[in-house]
Amino acid sequence: MEQREIRADYDDRHVTVYQAYSPAIAVPALAAGRFVPPFKRGRMTWVKPSFLWMMYRSGWGTKPDQERVLAVRITRSGFDWAVRAAVPSDEGVGRKPDVRVQWDPERDVRLNALPHRSLQLGLAGEASRRYVDEWVVGLTDVTPLAHRVHALVRAGDVDGARALLPVERPYPMPVNEG
């Protein structure tokens, strides 16, 4: 049986998720401290609490339109709401749920697949609006960190690379209320 686990950098009130954008979206968002145009609210936006899964997806912040990696600090209440509302992506056929979930292989520091799966959430509609307007409490550009970790991995200093990673630990699965 495959193991699914949410691992995240979190505290009592907040959770960090990651997204990668083009500079055209990231620079205005960082300047404003929140998502502003040309970020499109109507488009599904995917958030990932796993730094290394984001590195895999964005190629360490080098893929086209993913050159800037943002750590997005959001409220735990918002994150928990999204996890509870999530519908598996493969079950969303024929309808458009506001929150979709995919469980993808977690990655190690060399971006090799691990035997357990990591969460990513797709937010659309009401969930996207709440994410942008209510849940986001801060944005940090972690692109320089991504590039430093990647350089250490390429140089063979895996321990040095691991030492720079955000501390992620198992996140308690939110319980459906009512």
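Let's start at the second largest pocket: α2, β7 (99-107) and β8 (113-123) each supply at least two residues of its lining. This is a predicted model, where local features need pLDDT of at least 70 and side-chain atom pairs count only at pLDDT 80 or more, while totals for chains, interfaces and linings use all residues. Residues are numbered from 1 along each chain as its sequence is written, and side-chain values use heavy atoms, with hydrogens and water left out.

A few terms first. Helices (H or I, at least four residues) and strands (E, at least two) are DSSP runs, numbered from the N terminus. A pocket is an open set of points on a 1 Å grid over the protein atoms alone, where a 1.4 Å probe fits and protein lies on both sides within 12 Å along at least five of seven lines; lining residues have an atom within 4 Å of a point. Grid points are joined across faces, edges and corners, and the volume is the space filled by probe spheres set on the points.

| Pocket | Volume | Source |
|---|---|---|
| Largest pocket | about 550 Å³ | |
| Second largest pocket | about 180 Å³ | |

The largest pocket is lined by 20 residues, and Ala20, Tyr21, Arg43, Met44 and Thr45 are the closest to its centre. β3 (14-21), β4 (45-47) and α2 (51-58) each give at least two residues to that lining. Sorted by type, the lining of the largest pocket has 9 nonpolar, 6 polar and 5 charged residues. Here Ala, Val, Leu, Ile, Met, Phe, Trp, Tyr, Cys and Pro count as nonpolar, Asp, Glu, Lys and Arg as charged, and the others, Gly among them, as polar. The second largest pocket has 6 nonpolar, 2 polar and 4 charged residues in its lining, including Arg7, Phe51, Glu106 and His116.

**Strands and sheets**

Two strands pair if DSSP finds at least two bridges between them. β7 and β8 run antiparallel, joined by 8 bridges, and Gln102 has Gln120 in β8 as its bridge partner. These two strands make a hairpin with 5 residues between them, and Leu111 in the turn has a positive phi of about 70°. β7 also pairs with β6 (residues 87-88), in the parallel sense and over 2 bridges; there, Pro88 stands opposite Val101.

Elsewhere, 5 strands form an open sheet in the order β9-β5-β3-β2-β10, with antiparallel pairing. β9 (136-141) and β10 (169-170) are at the edges with a single partner strand each, so one side of each has no neighbour in the sheet. β5 (residues 68-75) meets β9 over 5 bridges, one of them putting Ala71 with Thr140.

**The inside**

Buried means under 20% relative accessible area, exposed over 50%, and partly exposed in between (1.4 Å probe, protein chains only). A nonpolar core is a set of buried Ala, Val, Leu, Ile, Met, Phe, Trp, Tyr and Cys residues joined through side-chain atoms within 4.5 Å. Of the 31 residues in the largest one, Phe35, Val72, Ile74, Phe79, Leu121, Leu123 and Tyr131 touch the most other members. Helix α4 (residues 125-135) gives the largest share of this core, 4 residues.

Contact means heavy atoms within 4.5 Å. Leaving aside neighbours within four places in sequence, Phe79 is in contact with Ile6, Val15, Val17, Pro49, Ile74, Leu119, Leu121 and Tyr171. Phe79 is also among the buried residues of helix α3 (residues 76-85).
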